[in-house]
Amino acid sequence: MRTLGALAVCCVVAGLAGGCRSSISGEPPPLVVLIGVDGATPEVIDDLRSQRKLPAFERLVRAGTYGPMRSLAARRLLEEDTRRRYASPILWTTIATGKVPEKHGIRDFVLPIQGTASVWMGSEEDPPRAALTLPEVVGREPFTLRLRIHSYRANGEQTVRLAMNGKELPSISVPVRWAEMSVLIPENTLRPVQNDLTLTFSRQAVPAEQGDSSDRRLLACELSSLSILDAGGQVVYSLDPVDERFSLGRGFHLPQGKLTEVQSVHWRALPVWSLLGSLGHPVGITGYWGTWPAYPVNGFLVSSRMGMRDHRQDGDRLTWPPELAERLEPLAPGQQELEELLARLHYADCDPPLLDDKTAVKKILLQDEFYFRIARELLPSMERGLFTVYFRSVDLASHVALHWRHGAELRPGCAETVREIVDQAYLQIDAWIGELLGILPERATVMVVSDHGEQPISGGGHHAPYGIFLASGRGIRSGEIFHGASVLDVAPTLLHLFAAPIPLDMDGKVLAQIFEGPWLASHPPQYADIDTSFTSDEEAQAEGNEEILEQLKALGYIQ
Ligand SMILES: [Zn+2]
């Protein structure tokens, strides 16, 4: 089985061709702690700082460089739904890889499980047709087009005419049952890029008129996969209709498929901890988005499912090494501690209660408390290397209550104190950061980042384009305010802290401006032609993911 961790070692070592060095000679190897606070927002932090409510954060700001960090808008998601524009899993993967979503492969909150996706076709045009553009087809002619397709039952078997770049291909007879159809593409029909394929249908029907359901769509045929093979039978292009839904043109309805939360097998680029691990730096990862199933690293990895109580019971591959999960289990907070947390953060101040039993907030609060305890347990074991911990409750609190912080009218039955829900979430995380700073050696470098900010909307809050960047430690300017960081820059800057070369295929840059001049002069950033792309051989795992999909639904991220 090929894994993220194992692959990292060979590709990086090969890429560096023996030129790797793990630290600057004469200096102790660095210890860097990256704290991820989902949804932390510059405006709220500035307000709380002015009230002197964030002592740990203040300490880091005074000792380091701080400012807003530009998020990355997923424009194609924006067209579908503005709430999802700055989507956490996409952004956290960008932070970990230094790459744009097109390269790292995480382009939505949920991704399809291979082979489960399909899309209905049908249109108002006469005759009905569906069109799509195949981005890139490179191989040896002649090519073959292969489709897995069936005709809507009410249409019966029908003839579908195909055209590539305006040239007719042989038409196909599509049955009512799923069938695999192959069509030879005449030579010189395909272009290397941007090929327009049109399917023209002889019949379509509306389910509602067949008495099937209330579905009012025009349905001609359903497509589950489309691929192009070259002369040697090699697949040179393949379209999964859910994964590639942005390539679908007119005449396609919304694709459907069995979806799962983002998993480590979906990543198409190596995270910074795999790169550092392959250079001999120890790493410790706690709760980072999309890290389940856990994979080998040079240290430990507590996956993104470890924080979910229901998953820990019978889950596997929760941690690396695998036996770590058992050691951490006793740290999990219980129901009583959850009630205390809810009361402290003022979630309990409404009648009827603000949160019902199914709400995601409770689970996320328990998860954050658990990840904090895990960090407190494991951080002292690290004398050098990269440690990360991820907290999500500020994002959750902002979704629920940011409008009340900004003066929106309270729900009947809610006490004035619910206006403090958001502030209390920040205060809680500040307290956790304070405790972690207390156990860190003085020489440690600390970075606190968020993936996006939040803005008030009617009924709550949702994602906004600026999060935060804060770094404090050796060589970093103190007391500086810095504008100009982007989520793309975190991974290259982390690598630079370890004097590791920055792969040229990363889209971000080293944030040179945050470093002191003399330090930067003696530590010039190095770049290297390293390929950090990655493809897992594993398929996404379907089981146990309903709970996560429910959470994402509850937050309005998916329908
Ligand atoms: Zn959010």
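Before I look at who stands opposite whom, one definition: I call two strands paired if DSSP finds at least two bridges between them. I also keep in mind that this is a predicted model.

**Overview.** I started with the whole chain. The protein chain has 16 helices and 25 strands. Of its 559 residues, 49% are buried. I then looked at contacts between residues at least 6 apart in sequence, and 74% of these join residues at least 24 apart.

**Strand β14.** Which strands does β14 pair with? I found parallel pairing with β15 (residues 299-302), over four bridges. β14 also runs parallel to β17 (residues 385-391), and again four bridges join the two. For landmarks, I noted Val283 opposite Gly299 in β15 and Thr286 opposite Val389 in β17. I checked the side-chain directions too: Val283 and Ile285 point one way, Gly284 and Thr286 the other way, and all are buried.

**The open sheet.** Next I traced a sheet of four strands, which is open and has the order β5-β10-β7-β8 with antiparallel pairing. Its edge strands are β5 (129-136) and β8 (167-174), each pairing on one side only. From one strand to the next, the twist averages 20 degrees. I zoomed in on β7 (residues 158-164) and β8, and six bridges hold this antiparallel pair.

**Helices α3 and α13.** Two packed helices are described by the angle between their axes and the distance between the axes, so I looked up both. For α3 (residues 55-63) and α13 (residues 421-439), the angle is about 60 degrees and the axes are 7 Å apart. Parallel, perpendicular or oblique? Roughly perpendicular starts at 65 degrees, and α3 and α13 are therefore oblique to each other. On the α3 side I listed Pro55, Ala56 and Phe57 as making the contact, and on the α13 side Asp430, Ile433, Gly434 and Leu437. By class, that contact has five nonpolar residues, one polar and one charged.

**Glu377.** This residue sits in helix α11 (residues 360-378). I make Glu377 partly exposed, because it has 14 C-beta neighbours inside 10 Å. Leu436 is 59 residues away from Glu377 in sequence, but their C-alpha atoms are 9.9 Å apart in space.

Most residues other than glycine have a negative phi, and most peptide bonds are trans, so I went looking for exceptions.

- Where are cis peptide bonds found? One runs from Glu141 to Pro142, with omega near 0 degrees. Pro142 is in the loop between β5 and β6 (143-151).
- Another cis bond joins Trp292 and Pro293, with omega about -5 degrees. I placed Pro293 in the loop between β14 and β15.
- Arg317 is not a glycine, yet has a positive phi of about 50 degrees. It lies in the loop between α8 (309-314) and β16 (319-320). Buried or partly exposed? Arg317 counts as partly exposed, because it has 16 C-beta neighbours inside 10 Å.
- Ala499 also has a positive phi, near 55 degrees. I found Ala499 in the loop between α14 (490-497) and β24 (502-503). Ala499 counts as buried because it has 20 C-beta neighbours inside 10 Å, and 20 or more is the cut-off for buried.

Terms used
Residues are numbered from 1 along each chain as its sequence is written. This is a predicted model: local features need pLDDT of at least 70, side-chain atom pairs count only at pLDDT 80 or more; totals for chains, interfaces and linings use all residues. A residue is buried if 20 or more other C-beta atoms lie within 10 Å of its own, exposed if 12 or fewer, and partly exposed in between; C-beta atoms are placed from the backbone. Axes are lines fitted to C-alpha atoms, for helices over the stretch in contact, and angles run from 0 to 180 degrees between N-to-C directions. Angles under 35 degrees count as roughly parallel, over 145 as roughly antiparallel, 65 to 115 as roughly perpendicular and the rest as oblique. Two residues are in contact if their C-beta atoms, placed from the backbone, lie within 7 Å. Ala, Val, Leu, Ile, Met, Phe, Trp, Tyr, Cys and Pro count as nonpolar, Asp, Glu, Lys and Arg as charged, and the others, Gly among them, as polar.
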